[in-house]
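Thanks for asking me to look over this model. My notes follow as numbered points, beginning with the ligand.

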Amino acid sequence: MPSLRPAPAPLLRLLLLACPALLLVACANHASRAPAQPEQTLSSVAATTEPDYLLLVSIDGFRADYLDRGVTPRLATLAAGGVRAEALRPAFPSLTFPNHYTLVTGLYPDHHGIVHNRIEGDGEKSKFVYSDASTTADARWWGGEPIWVGAERHGLRSATMFWPGSDAAIGGVRPTYWKPFDREFSADARVDTVLGWLDLPDAQRPRFMTLYFEQVDRTGHDYGPGSPEVDAMLGQVDTALGRLVDGLDARGLRDKFNLVVVSDHGLTGSSVQRTIVADDIVDLQRVRAVTYGVVAGFVPAPGQQRYADATLLKPHDHMQCWRRTQIPARFHYGSNPRIPPIVCLAAPGWMITNATWLKEHADDFSRGEHGYDNAIPDMRALFVASGPAFRRGVRVPEFDNVDVYPLLAHLLRIKPAHNDGNAQTMHGMLRGAR
Ligand code: AMP
Ligand code: ZN
Ligand code: ZN
């Protein structure tokens with residue numbers, strides 16, 4: 001699917017975020033998840049479900065309430081015939097790479113190590129940049145065990161039609177089938193690739209698959225979450241999802257197929273009028289910026305710790321900074337040494353930048369951003385699930401995205417790796433579990 005605008009904006013956003021020098025419907029049951037019954041065990045749930053295939057779909061940047069705009073009828077039908085969460089709460093920071101990897105490991109970014117889209121490992125010498133395949137393919141960045149590695153270790157073939165981390169041999173294991181990320185690979189081609197895997201002979205056919213769409217996120221950055229362009233792109237991605245469902249139907253696979261459709265975060269309106277200019281606050285020769293954007297990281301130059309504390313840790317308009325070790329506990333963020341010593345978070349709709357960048361790019365500033373406090377409503381993400389394992393027409397309350405991994409492991413009937421998720425969350429969703 002081509003971008004609506006070949007756009008200078010995505011490139012400029014990339015520079016801003018990646019360059020430190022510049023910086024359903026019909027939900028009959030609103031009663032919500034019932035507390036798990038004490039006598040329920042996951043094995044009792046497993047006994048009642050017979051899934052053969054599991055597909056995890058991500059629509060990057062799909063805010064929870066987009067589902068109620070009436071522009072995604074195929075997704076609405078899936079939700080009506082399955083489970084919809086009020087929302088999926090992203091992990092902090094509500095950025096793409098940290099959250100996609102949380103979804104497949106059940107670990108907070110602090111624990112899996114993808115703490116930002118851009119990371120410095122060992123000072124400036126070792127860098128992870130999400131747009132640089134030579135760094136994303138380096139397995140040393142990726143901690144924990146993603147679900148496809150668990151599947152392969154349990155003898156189940158896996159296949160990734162893009163997913164952050166899928167191009168690295170994590171723990172020495174890659175998905176059986178995977179592709180290097182390519183924005184130009186159309187949405188239909190992605191769907192057809194998944195359907196092609198299902199046409200493989202039984203012995204080669206994957207049991208676990210991912211499918212990833214970035215177009216809604218990109219359009220949201222370029223035009224803003226309330227724009228007609230986002231609605232049009234939602235419609236296009238929904239059509240691709242329909243193509244998938246029709247392909248499953250044509251193959252007679254619907255009753256053997258569990259589909260889990262998620263997003264990594266939502267989006268809130270941003271504007272050049274709402275920028276925090278770092279140079280107005282701190283001497284950038286004495287304190288180095290590792291990242292700008294919604295979540296900025298700073299490293300004091302040698303001997304400048306007191307200066308950095310005095311300038312950054314005091315109250316600021318539209319921004320709050322903490323020492324890494326003093327970030328509020330609800331963010332589950334701060335113990336990983338890859339997190340810079342000082343972390344600053346912009347208020348919703350605001351961005352942290354610097355004077356040079358702002359001067360050069362004031363005309364093409366992004367109109368939508370994420371990365372903010374993961375508790376704010378605009379950061380809420382999507383969760384819809386349907387298939388033989390799931391109840392029908394059920395709406396469950398908002399839950400944390402670390403809880404998705406135990407559900408995936410359960411659906412594949414593999415032993416989950418150590419994770420931060422709550423395995424009870426799935427009880428309200430699964431057939432035979434109540
Ligand atoms: P952001 O909105 O800045 O957090 O990043 C989202 C962007 O990440 C998307 O628009 C994609 O272009 C990019 N992206 C998503 N998955 C991958 C991947 N596996 N490898 C490289 N880039 C990716
Ligand atoms: Zn994203
Ligand atoms: Zn984005």
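1. Let me start at ligand 1, where an oxygen atom sits 3.0 Å from an N or O atom in the side chain of H221. For T96, a polar side-chain atom lies 2.7 Å from an oxygen atom of the ligand. Please keep in mind that this is a predicted model.

2. How much of ligand 1 does the protein bury? Taken alone, ligand 1 exposes 510 Å², and the protein buries 93% of that. The elements that give two or more residues to the shell around the ligand are α1 (8–18), α4 (96–105) and α9. Of these, α9 gives the most, with three residues. In total, 16 residues surround ligand 1, and the closest are T96, N117, Y212, D217 and H370.

3. Two of those names come back at the metal site. The zinc ion (ligand 3) is coordinated by D217 through two OD contacts, by H221 through NE2 and by H370 through NE2, at 2.0 to 2.4 Å. Along the chain, the donors follow the spacing D-x3-H-x148-H. D217 lies in helix α9 (residues 215–223), while H370 is in the loop between β17 (368–369) and β18 (383–386), so the pair ties together parts that are 153 residues apart in sequence.

4. Are D217 and H370 buried or exposed? D217 is buried, with a relative accessible area of 9%. H370 is buried too, at 4%. A reader following the site in the viewer can therefore treat both residues as buried, given that the cut-off is under 20% relative accessible area.

5. R63 deserves a paragraph of its own. This arginine is placed in the loop between β1 (53–59) and α3 (73–80), and at 10% relative accessibility R63 counts as buried. What do the polar atoms of the R63 side chain lie close to? One of them is 2.8 Å from the backbone oxygen of L267, and a polar contact of 3.5 Å joins the side chains of R63 and D378. Leaving aside residues up to four places away in sequence, R63 touches R69, P225, H265, G266, L267, D378 and R380.

6. Just after α10, G252 takes a positive phi of about 65°.

7. Which residues other than glycine have a positive phi? H318 is one of them, with phi near 60°. H318 is found in the loop between α11 (305–312) and β14 (319–323) and is partly exposed, with a relative accessible area of 36%. R413 is another, with phi near 55°. R413 lies in the segment after α13 and is partly exposed as well, at a relative accessible area of 45%.

8. There is also a cis peptide bond to look at. It runs from F92 to P93, with omega near 0°. P93 lies in the loop between β3 (88–89) and α4, and α4 is one of the elements that give two or more residues to the shell around ligand 1.

9. Towards the end of the chain, A423 is found in the segment after α13 (404–412). A423 is partly exposed, with a relative accessible area of 26%. A423 and V402 are 21 residues apart in sequence, and their C-alpha atoms are 9.7 Å apart in space.

10. Finally, the overall picture. The protein chain has 13 helices and 20 strands. Of its 434 residues, 58% count as buried. The chain exposes about 16,400 Å², and carbon and sulfur atoms supply 51% of that area.

Definitions and conventions. Residues numbered from 1 in each chain as written. Chains lettered and ligands numbered in written order. Predicted model: local features only at pLDDT ≥ 70, side-chain atom pairs only at ≥ 80, totals over all residues. Heavy atoms only, no water. Helix = DSSP H or I, 4+ residues; strand = E, 2+ residues; numbered from the N terminus. Donors = N, O, S within 2.8 Å, 3.2 Å for Na, K, Ca; no water. Buried < 20%, exposed > 50% of the residue type's maximum accessible area, 1.4 Å probe, protein only. Polar contact = N/O pair within 3.5 Å; in protein donor to acceptor, adjacent residues only side chain to side chain. Contact = heavy atoms within 4.5 Å. Areas by Shrake-Rupley, 256 points an atom, 1.4 Å probe, with all protein chains shown as cover. Near = heavy atom within 4 Å.
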